[in-house]
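Reader: I am new to this structure and would like to learn how to read it. Please take me through it one feature at a time.

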2 protein chains.
Amino acid sequence: MAHPPFAVTVDLVVLTVRSDELCVLLVRRGVEPFAGQDALPGGFVRPDEDLAAAAVRELAEETGLTVGHLEQLASYGAPDRDPRQRVVTVAHLALVPDQPAPTAGTDAEAARWAPVAGLSGLAFDHDRLLADGVERARAKLEYSALGTAFCPPSFTVAQLRRVYEVVWGRDLDPRNFHRKVTGTPGLLEPTGETTTRDGGRPAQLYRRGSADTLHPPLLRTDA
Amino acid sequence: MAHPPFAVTVDLVVLTVRSDELCVLLVRRGVEPFAGQDALPGGFVRPDEDLAAAAVRELAEETGLTVGHLEQLASYGAPDRDPRQRVVTVAHLALVPDQPAPTAGTDAEAARWAPVAGLSGLAFDHDRLLADGVERARAKLEYSALGTAFCPPSFTVAQLRRVYEVVWGRDLDPRNFHRKVTGTPGLLEPTGETTTRDGGRPAQLYRRGSADTLHPPLLRTDA
DNA sequence: GGCTGTTGTCGTCAGCTCGACGATAAGTCG
DNA sequence: CGACTTATCGTCGAGCTGACGACAACAGCC
């Protein structure tokens, strides 16, 4: 059996919410092909490594980020997606809280946050990976507690709402949102503390609860 | 760069509803490893072939089935999942209408339908692929028009409801279900014809409409 | 034909959730 | 202290859902 040799990589769509924008982690490629162009972080899977382990390792190597959530997204294997050889990549989606610009890693020249809006021209087929990742994140906010993955360990209802608004690109009613998330059992656990900010009434602080699904879902209407 | 050679395969979780049971297409392996054991159909991706194309080809080769829906499920690449060499498989989920037992293909000795309930002991990690595929199908019935993929081109509301009941393992109220699916615009298109069966009032025949999502979703409650 | 059993389809009604919005609480800033 | 900002609680009507009654339209049997 002459099974043609494939290379297998993992690529990462790392999303966060920074200053009211949905941002993705990009690295600038230092080697051909697509040298000097932006790309998603990623790399080859090692001989004795599971796919998920490879994703975690690449994320740590290239960014050193604290990850809030990591899941497999999809695989992409068009024959001509890499001009060098046949490469199948297993894309992963990571959601992380807002963090300072990650440090440059070993493989890549520099890692930086870039707003997703209007972004294009990435290396390989990474435009598509990014689009699929963003769509997955948008969809999952509807029926899961994944919005909290964008938040720090302790956060307010307003912070969580801002996450939804930024990811969906749509304003939500603060009162209805508050009723929904505080009314769902197991979603949020109050810490008992409050915040003080520049103005306005202090808000209750919560941490993620044990619930991971939102039943019934929080639907984004077409409005 | 010595990238270790991987083999890449596609495996198929082909589901259908037969005689009030959710069934999966299995083949009996003729070669080692796991010779004589049941497995999901699948095979190696060819050098110039896209992943989706490979899935379609394998499905046609091994079964000759008419496919109602095909989508990528997930990828599995544990280092020891194949004792021969490092293999990453891209699992796909196919939903097909009830059809006679498929003909044996080239690679496999025989293909047959097996009820999913209580099924285990498949080759490789196919138990997990199957479980993930079934769960994906169950979840997708909630918010998509995918239930029609299990139905022939022309079908009744009761047939579609039976699909939901079998996949979810839970009875649904015929009147509420009827109201829901006929009330969702674009989901079903009436053909104008009716059926006659052994007993009972003849039913309207419908075909799939243009809608592919169900808004609002049809939730399976925990009851 | 009449009766029975089966299945499909239409209605009704209470309960829940949601969206829109008013009202109040509790801080900061000038 | 007043103005402003933000958080949180209530209220109300619309829409969807689940439970269920009622009727329609067939086959089969006596």
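**A buried residue and a DNA strand**

Author: This is a predicted model. Start with burial: a residue counts as buried when its relative accessible area is under 20%. E49(A) has 9% relative accessibility, so E49(A) is buried.

Reader: Where does E49(A) lie in chain A?

Author: E49(A) is in the loop that runs between β4 (42-44) and α1 (51-62) of chain A.

Reader: Which residues is E49(A) in contact with, leaving aside neighbours within four places in sequence?

Author: From chain A they are F44(A), A54(A) and R57(A), and from chain B they are G77(B), P79(B) and R86(B). With R57(A) there is a polar contact between the two side chains, at 2.5 Å.

Reader: Now the DNA. Which residues come nearest to DNA strand D?

Author: There are 26 residues around DNA strand D, and the nearest are R175(A), G200(A), R175(B), R179(B) and D198(B).

Reader: What kinds of residues form the surface near DNA strand D?

Author: Twelve are charged, eight polar and six nonpolar. The largest share of this surface comes from α4(B), with four residues.

Reader: Which protein atoms lie close to the bases of DNA strand D?

Author: In the side chain of R179(B), an N or O atom is 2.8 Å from a base nitrogen. N176(B) has a polar side-chain atom 3.0 Å from a base nitrogen. For R201(A), a backbone N or O atom lies 3.2 Å from a base oxygen.

Methods
Residues numbered from 1 in each chain as written. Chains lettered and ligands numbered in written order. Predicted model: local features only at pLDDT ≥ 70, side-chain atom pairs only at ≥ 80, totals over all residues. Heavy atoms only, no water. Near = heavy atom within 4 Å. Polar contact = N/O pair within 3.5 Å; in protein donor to acceptor, adjacent residues only side chain to side chain. Helix = DSSP H or I, 4+ residues; strand = E, 2+ residues; numbered from the N terminus. Nonpolar A, V, L, I, M, F, W, Y, C, P; charged D, E, K, R; others polar. Buried < 20%, exposed > 50% of the residue type's maximum accessible area, 1.4 Å probe, protein only. Contact = heavy atoms within 4.5 Å.
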